[in-house]
Amino acid sequence: MVLSILFNGIKNIIMSKIKKNNVTLKSELAIIGLGYVGLPLAIEFGKKRSVIGFDINEKRIGQLKNAIDTNFEVSKLEFKHSSHLIVTNNIEDIKNCKIFIVTIPTPIDQHKKPDLNLLKKCCKMIGSFIKKGDLVIFESTVYPGATENIFAIILEKHSGLKFNRDFYCGYSPERINPGDKLNKITKIKKITSGSTSKISEIVDNLYKQVITAGTFKAKDIMTAEAAKVIENIQRDVNIALMNELVLVFNKINVNIFNVLDAANTKWNFLPFYPGLVGGHCVSVDPYYLIKRSLSAGFNPRLIREARKLNNGMSSYIVSKIKIEMKKKKMRIKNSNILILGLAFKENCVDFRNSQVIKIYDKLKRLKVDVSIFDPLVDKIEVKNSHGISLINKPKLKNYDTVIIAVAHDEFKKLSIKKLTRFCKKKHLIYDLKNILPENKSIIKF
């Protein structure tokens, strides 16, 4: 009896050390890709059940094991509460899982064509070890039909298994809003779908474990794929309308923000605002439906024009700066311009597809000395990816023009008086985000 108790005690200690050192990993659920989408999802599942988070980025995994999220989407306290989550970059650790949730980025290439290469490589990887009865759920934004007509076929080819007989697929589009601390993943309703009616139920019940806002079961996978892509197209088109109104109202000397304040008093007026459209969703997703539409023989002119207009706002902003500086008898060439913000949106570290980079490039071509200050984005990443050296802080009395490009909370605290401390006596302040009160020395979008 004593020997039995002693043996069991030693066994428990050994197993505890094995788990702690990640020597053995067993979980039915794996989440592949631990970025803005995958990590928050893995954290929530890890509060409820055993889950393995997988990412090929060894540095990222090392940080996550130390409860460090460089995207600042997950706090150390949330890591602590997610006690059932184990993260790894070892493919062997996920081979015995039964359910795989894929959260791989789907960007566009230099020609603005959908780039599914990362997702295809992921499918080849999963196909190399997928087993009978396994389920693969995709969250990445794609065009309607991609899951069943592209990814399922790749899984079939590399596994030797038959889709919807030996393995199954689901689609539940991500709805992460980077930098938003209010609308967290659990508070946003989740669309779910499956390749059969039974699988649809399984996928829906899986997400119900963590999504407190509830789920919506789409009719089928293609419907769910289409719903995701039009969410961001709708935003893109509406922002394009606001940006076009900026072009109109500036011709007749009307402040767009004053107009919107008045129009927003009507109960059914939609509150959209002009701005720079960047990031990994709104500025990318429309191209996925454009491609699918063109392949079906239809030219989606409104969607394409909206993209063209929003992509062209950087040129408009630079031309506006030139005009306003000329009015003040200021030379653009060899001038010093400070841009506040590089991230694609406020209170976010993500600078993918940021239109501020276009503004920077266009100003540099005009022989302008441009400085960018953003306290949130990673300076090393910006330097490595774009060759731009961000400044640590703005200099006093140094700039001819200051552009407020991103509405970080830190910038919202700046008054006109504080901003003018960075400026020369004759200067221009260009408030793209309407965070400052109206003033004769300030121009708005």
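A: A residue is called buried when its relative accessible area is under 20%, exposed when it is over 50%, and partly exposed in between, using a 1.4 Å probe and protein chains only. By that rule, buried residues make up 51% of the 445 residues in the protein chain. This is a predicted model, in which local features need pLDDT of at least 70 and side-chain atom pairs count only at pLDDT 80 or more, while totals for chains, interfaces and linings use all residues. Numbering runs from 1 along each chain as its sequence is written, and side-chain values use heavy atoms, with hydrogens and water left out.

The protein chain contains 16 helices and 13 strands (DSSP runs numbered from the N terminus, helices being H or I with at least four residues and strands E with at least two). Its C-alpha atoms fill a box of roughly 90 × 60 × 40 Å along the principal axes. Of the contacts (heavy atoms within 4.5 Å) with a separation of 6 or more, 73% are made by residues 24 or more positions apart.

In α3, residues 58-65, the buried residues are Arg60, Ile61, Gln63 and Leu64. These residues are on the same side of α3, because they cover an arc of only 160° around the axis (taken from the directions from the helix axis to the C-beta atoms). Glu58 and Lys59, on the other side of α3, are exposed. Among the elements covering the buried residues of α3 are α2, α4 (76-81) and β3 (85-88). The N-terminal end of α3 is capped by asparagine 57, with a side-chain oxygen 3.0 Å from the backbone nitrogen of lysine 59. Just after α3, alanine 67 has a positive phi of about 60°.

Helix α9, residues 256-263, has Ile256, Phe257 and Leu260 as buried residues. Viewed down the axis of α9, its buried residues fall within an arc of 95°, so they line one face of the helix. The cover over the buried residues of α9 includes α8 (221-251) and β13 (442-444). At the start of α9, a side-chain oxygen of asparagine 255 comes to within 2.7 Å of the backbone nitrogen of phenylalanine 257.

Serine 371 lies in strand β10, residues 369-373. Its relative accessibility is 13%, so serine 371 counts as buried. Leaving out residues up to four places away in sequence, serine 371 touches Ile337, Leu338, Ile339, Ile391 and Tyr399. Tyrosine 399 itself is in strand β11, residues 399-404. Tyrosine 399 is also buried, at a relative accessible area of 2%. Tyrosine 399 and serine 335 are 64 residues apart in sequence, and their C-alpha atoms are 7.7 Å apart in space.

Serine 354 sits in the loop between β9 (336-340) and α13 (355-365). Serine 354 is buried, with a relative accessible area of 5%. Beyond its neighbours within four places in sequence, serine 354 is in contact with Leu342, Ala343 and Phe344. The side chain of serine 354 also reaches the backbone nitrogen of valine 356 at 3.2 Å. This is a polar contact (N or O atoms within 3.5 Å; within protein, one must be able to donate a hydrogen and the other to accept it, and residues adjacent in sequence count only if both atoms are side-chain atoms).

A cavity is a set of points on a 1 Å grid over the protein atoms alone where a 1.4 Å probe fits but cannot get out, and its lining residues have an atom within 4 Å of a point. Volume is the space filled by probe spheres set on the points, which are joined across faces, edges and corners. The structure holds two cavities of 30 Å³ or more.

The largest cavity has a volume of about 120 Å³. Its lining consists of Pro40, Ile43, Glu44, Glu73, Val74, Glu78, Ile176, Asn177, Asp180, Asn183, Lys184 and Ile185. Helix α2, residues 38-46, gives the most to this lining, with three residues. By class, the lining of the largest cavity has five nonpolar, two polar and five charged residues (Ala, Val, Leu, Ile, Met, Phe, Trp, Tyr, Cys and Pro count as nonpolar, Asp, Glu, Lys and Arg as charged, and the others, Gly among them, as polar).

The second largest cavity holds about 60 Å³ of space. It is lined by Glu139, Glu174, Arg175, Ile176, Ile185, Ile188, Lys189 and Lys190. The lining of this second largest cavity has three nonpolar, no polar and five charged residues.

How values were computed:
1 Å grid on protein atoms, 1.4 Å probe; cavity = no way out; pocket = protein on both sides within 12 Å on 5 of 7 lines; lining within 4 Å.
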